[in-house]
Amino acid sequence: MTKLWNKSGWRERPQIQMPEYPNQDKLNSVTRHLSQCPPLVFGGEVRSLREQLAEVCEGKRFLLQGGDCAESFQEYSADSIRDTFRIILQMAVVLTYATKSPIVKIGRIAGQFAKPRSSAFEKNNGIELPSYRGDIINDIAFNQEARVPNPDRMIQAYSQSAATLNLLRAFSQGGFADIKRVHAWTLEFTEKEESDRYHYLAGRITDALEFMEAAGVSANKIEALKRVDFFVSHEALLLEYEEALSRVDSITGSVIAGSGHFVWIGDRTRQPDGAHVEFCRGIENPVGIKCGPSMEPDELKVLLQKLNPDNIPGRITLIVRFGKGRVFEYLPKLITAVKEEGAKVIWSCDPMHGNTEKASNGYKTRRFENILAEVKQFFAVHREEGTIPGGVHFEMTGTDVTECTGGLSAVSDDTLGDRYHTVCDPRLNSSQSLELAFEVSEEIAIRAAQT
């Protein structure tokens, strides 16, 4: 993959969605500093993730990827990290029972600070300013000074990511992830009157855990039931940051993107000859490709050749995002292209980005029923095609926000403003996220019954 490649080669390619820094000397100083900092993740962790993702390709594991649309400097706290980690663990237990296989858990966290935008400018009360592009680039405050790209924000993003990873590693290995504790939290959710339809499945999980304990397989005796592997991911959008944190792995000699275990290329930046594809083709990390309605089958074939010429399983995840009602039109064509190439890929469903709309009161939102409909259509297409639906990808938070409508939490257009905290796209709250996990488990059960 690294033949005729170097980590700065992206600078010679067309650059989309990249900020223009007014002070190049300051930018160079920041990137030099970051290039001397320890990487946030390490080669052994990256290889472990890729090995697990290779099993997702074969249907032996299932991928759960979720977290913030865009991390915020202002809302950063240990509690928010804990709550997001906790809900992902709860979702994973439900999905583990449904799939009868391990769940690969990847958070959109500890690096998801940059966001592509549909327009370079935004207007408010007749005033036009450069768009907010995420806290790693500029500030959300609507004034000229705040919207100027500032390289120093990369250092703050690095520091926050390092502290976040430190806490996540402690949670994942220190007993917080004990399977009985996690399931107890889920039982609290299913004992609510409005969620009784999920109580039966939760009871089955309880029975399974009690049987395991009676048979001598309990968290008190088996350390693996107290600990989990947890990986972090983000869109590799800000390439100055990605290059500065890339490192040559001392064991393999390959280049690791030290900013996160898993990175993806966005739907707006996946040009085969563009800067983002050029950077990602040479790193050892698993790489995701967002595939929206504009993705053509021939373009996908070119991307697969560029990003995974050796057809290594676990290297490429295709994160499809079409919108409710469009899956049957677009997904089969991409599946056919992958079959024709003989490519080993993971198919993951992102039902969030194609279902964004504006509510009657002006809030940007997503409707739970539309999100769920796209997930069901994703599974239906794979049943028809005889291919493996390998995972799901959600924008979500562990806190009780009111940003997406519907679900058992009964968020409506009228209540969106109660706790609407996102700095970019609307996220599922903890109740909606867990509800969706139960719904996905039902789709998995349907697939299992038909195979």
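1. Basis of the note. Local features in this predicted model need pLDDT of at least 70, side-chain atom pairs count only at pLDDT 80 or more, and totals for chains, interfaces and linings use all residues. Residues are numbered from 1 along each chain as its sequence is written, and side-chain values use heavy atoms, with hydrogens and water left out.

2. Helix 3 and helix 4. Helix 3 (residues 78-99) and helix 4 (residues 152-173) cross at roughly 45°, and their axes come within 10 Å. Helices here are DSSP runs (H or I, at least four residues), as are strands (E, at least two), numbered from the N terminus; axes are lines fitted to C-alpha atoms over the stretch in contact, with angles from 0 to 180 degrees between N-to-C directions. Helix 3 is therefore oblique to helix 4 (under 35 degrees is roughly parallel, over 145 roughly antiparallel, 65 to 115 roughly perpendicular, and the rest oblique). On the helix 3 side, A78, I81, R82 and F85 make the contact, and on the helix 4 side T164, L167, L168, F171 and S172 (contact means heavy atoms within 4.5 Å). By class, this contact has 6 nonpolar, 2 polar and 1 charged residues (Ala, Val, Leu, Ile, Met, Phe, Trp, Tyr, Cys and Pro count as nonpolar, Asp, Glu, Lys and Arg as charged, and the others, Gly among them, as polar).

3. Helix 10 and helix 11. The axes of helix 10 (residues 327-341) and helix 11 (residues 368-385) lie 10 Å apart, at an angle of about 40°; the two helices are therefore oblique to each other. Residues of helix 10 in the contact include F328, L331 and I335, which meet a set in helix 11 that includes F378, A380 and V381. The contact of helix 10 with helix 11 has 8 nonpolar, 2 polar and 4 charged residues.

4. T365. This residue lies in strand 13 (residues 364-366). T365 counts as buried because its relative accessibility is 0% (buried is under 20% relative accessible area, exposed over 50%, partly exposed in between, with a 1.4 Å probe and protein chains only). A polar atom of the T365 side chain lies 2.7 Å from the backbone oxygen of E403. Beyond neighbours within four places in sequence, T365 is in contact with residues including N355, A359, C404, T405 and P426.

5. T405. The loop between strand 14 (389-395) and helix 12 (430-450) holds T405, which is buried at a relative accessible area of 3%. T405 and A359 are 46 residues apart in sequence, yet 9.3 Å apart in space, C-alpha to C-alpha. Leaving out residues up to four places away in sequence, T405 touches T365, F368, V411 and Q432, among others.

Terms used. Polar contact = N/O pair within 3.5 Å; in protein donor to acceptor, adjacent residues only side chain to side chain.
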